[in-house]
Amino acid sequence: MNLIDILSALQIEPEFNSQLGGGRFSIVFPGRYRGNNGKPVAIKICAPKINPAPHKNTTNKYCSSLKYGGDVFKRDIEIQETLCLKIGDNVIQVYDSHLNRQFPNFAILERGSELTLEGLIENSQDFSLPSKIKVIEDIASAIYAVHQQGYVHNDIKPGNIIFEMGAKIKADTNKNLLCEIMGKPKLTDFGAARLRGERIRQILGTPQYISPDILTEDRFDVYFDIYSLGVIAYELLSFNQFPSRIKLAKSGNSCLILPTNVPLNLIWPPSFYQKGHQKLIESVNRMVSTKPASSRQEDKRYSSMREVIKDLQEARELLEKSGTYY
Ligand SMILES: Nc1ncnc2c1ncn2[C@@H]1O[C@H](COP(=O)(O)OP(=O)(O)OP(=O)(O)O)[C@@H](O)[C@H]1O
Ligand SMILES: [Mg+2]
């Protein structure tokens with residue numbers, strides 16, 4: 001059977017003339033169930049475009065890109081299916097999957113909103129500061145749910161966070177028409193996910209968001225997701241300035257481009273600071289801190305996403321109490 005026949009047997013009408021997105025391992029098309037009130041879905045089809053991830057050390061046994069991509073796709077969907085059962089709406093739902101077949105490997109997913117985190121970052125000046133903090137808190141809660149199941153996502157970035165269908169932007173007349181986003185962010189793309197404590201054999205993730213700690217730590221840990229969320233927080237709060245200073249880190253036979261920390265206090269001049277700003281800056285700077293070079297130095301990293309959520313919530317409440325929206 002070809003893909004169209006299989007989709008038809010699943011009562012799905014694909015819309016191949018438009019595309020929801022595409023990544024290193026897949027192409028994602030919209031579709032709808034024939035019954036079920038035409039419920040929208042996303043059809044994620046395995047289509048690897050890259051070579052295998054570099055090994056952490058120099059000995060690098062590459063397998064074919066197709067096999068590697070197929071393995072990543074299978075792992076991605078299987079972990080997502082497991083997490084759907086355990087932590088419900090923190091992740092994009094998997095309705096059906098065809099894996100282990102010669103061709104085609106694909107999954108039918110809950111379709112997310114057209115509102116994207118990239119869009120929110122691009123237009124971040126239109127959103128109130130507390131509402132942006134709330135979005136970071138909600139993403140942190142979804143990641144924390146994954147951590148509680150013993151997994152590290154390892155590829156936290158805006159493209160892997162999708163708002164639920166029906167998410168809306170609301171302008172608040174009491175807050176100078178600044179907007180807030182109404183709708184839950186959910187996680188997707190678990191192709192790089194690993195069990196916490198699993199030995200690091202390959203560098204996984206997306207260079208701009210990877211924690212430099214992947215080069216020095218031996219095992220996957222929650223620090224990696226906290227760092228990546230810190231980069232997103234930085235982008236969202238700094239009006240879309242990506243941490244711009246970069247350094248090249250050499251690892252075995254591969255090079256990574258990693259962001260270095262740019263102090264957030266450049267965004268709000270000290271004269272403008274409220275207590276909430278101070279708390280927020282400290283929190284984001286802690287999220288993007290890395291393992292100290294020597295054991296005599298203090299390790300400033302958060303050891304749990306739960307602490308991140310608590311600090312962000314405290315910063316937001318301080319800002320809300322003082323009526324600060326910027
Ligand atoms: N369920 C969905 N609803 C709407 N859009 C989606 C959905 N799933 C994926 N997309 C879109 O397709 C893009 C690629 O999807 P995804 O990240 O799952 O693929 P990938 O091949 O694993 O990507 P990557 O390059 O990050 O490894 C997403 O960034 C998003 O824009
Ligand atoms: Mg992705």
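1. Let me start with the contacts of Tyr325. Leaving aside neighbours within four places in sequence, Tyr325 is in contact with Ser128, Leu129, Pro130, Lys175, Asn176 and Leu178; two residues are in contact if their C-beta atoms, placed from the backbone, lie within 7 Å. Tyr325 sits in the segment after α7 (305–321). Helices here are DSSP runs of H or I with at least four residues, strands are DSSP runs of E with at least two, and both are numbered from the N terminus. The C-alpha atoms of Tyr325 and Asn176 are separated by 8.7 Å, although the two are 149 residues apart along the chain. Tyr325 has 16 other C-beta atoms within 10 Å, so it is partly exposed. A residue is buried if 20 or more other C-beta atoms lie within 10 Å of its own, exposed if 12 or fewer, and partly exposed in between, with C-beta atoms placed from the backbone.

2. A word on the model and its labels. This is a predicted model, in which local features need pLDDT of at least 70 and side-chain atom pairs count only at pLDDT 80 or more, while totals for chains, interfaces and linings use all residues. Residues are numbered from 1 along each chain as its sequence is written, and chains are lettered from A and ligands numbered from 1 in the order in which they are written.

3. Asp172 has Leu178 as its bridge partner in β10. There are 5 residues between the strands, and Asn176 takes a positive phi near 50° in this hairpin.

4. Most residues other than glycine have a negative phi. Gln11, in the loop between α1 (3–9) and β1 (12–14), has a phi near 65°. Asn37, found in the loop between β3 and β4, has a positive phi of about 55°. Gln11 is exposed, with 11 other C-beta atoms within 10 Å, and Asn37 counts as exposed with 7 C-beta neighbours inside 10 Å.

5. Now helix α4 (residues 129–148). Its 20 residues should span 28 Å at 1.5 Å a residue, and its end C-alpha atoms are 28 Å apart, which agrees; the expected span is 1.5 Å times one less than the number of residues. Of the 20 residues of α4, 14 are buried, so the helix is largely enclosed by the rest of the structure. Just after α4, Gly150 takes a positive phi of about 90°.

6. On to ligand 1. It is surrounded by 21 residues, the closest being Gly21, Gly23, Ala42, Gly112 and Gly159; a residue is near a molecule if its C-beta atom, placed from the backbone, lies within 6 Å of it. Strands β2 (21–22), β3 (26–33), β4 (40–46) and β6 (106–110) each supply at least two residues of this shell. Domain 1 (3–110) and domain 2 (117–322) both give residues to the shell, so ligand 1 lies between them; the domain bounds come from an automatic or database domain assignment.

7. Finally, the whole chain. It has 7 helices and 14 strands, and buried residues make up 38% of its 326 residues. Among contacts with a separation of 6 or more, 63% are between residues 24 or more positions apart.

Notes
Pairing = 2+ DSSP bridges.
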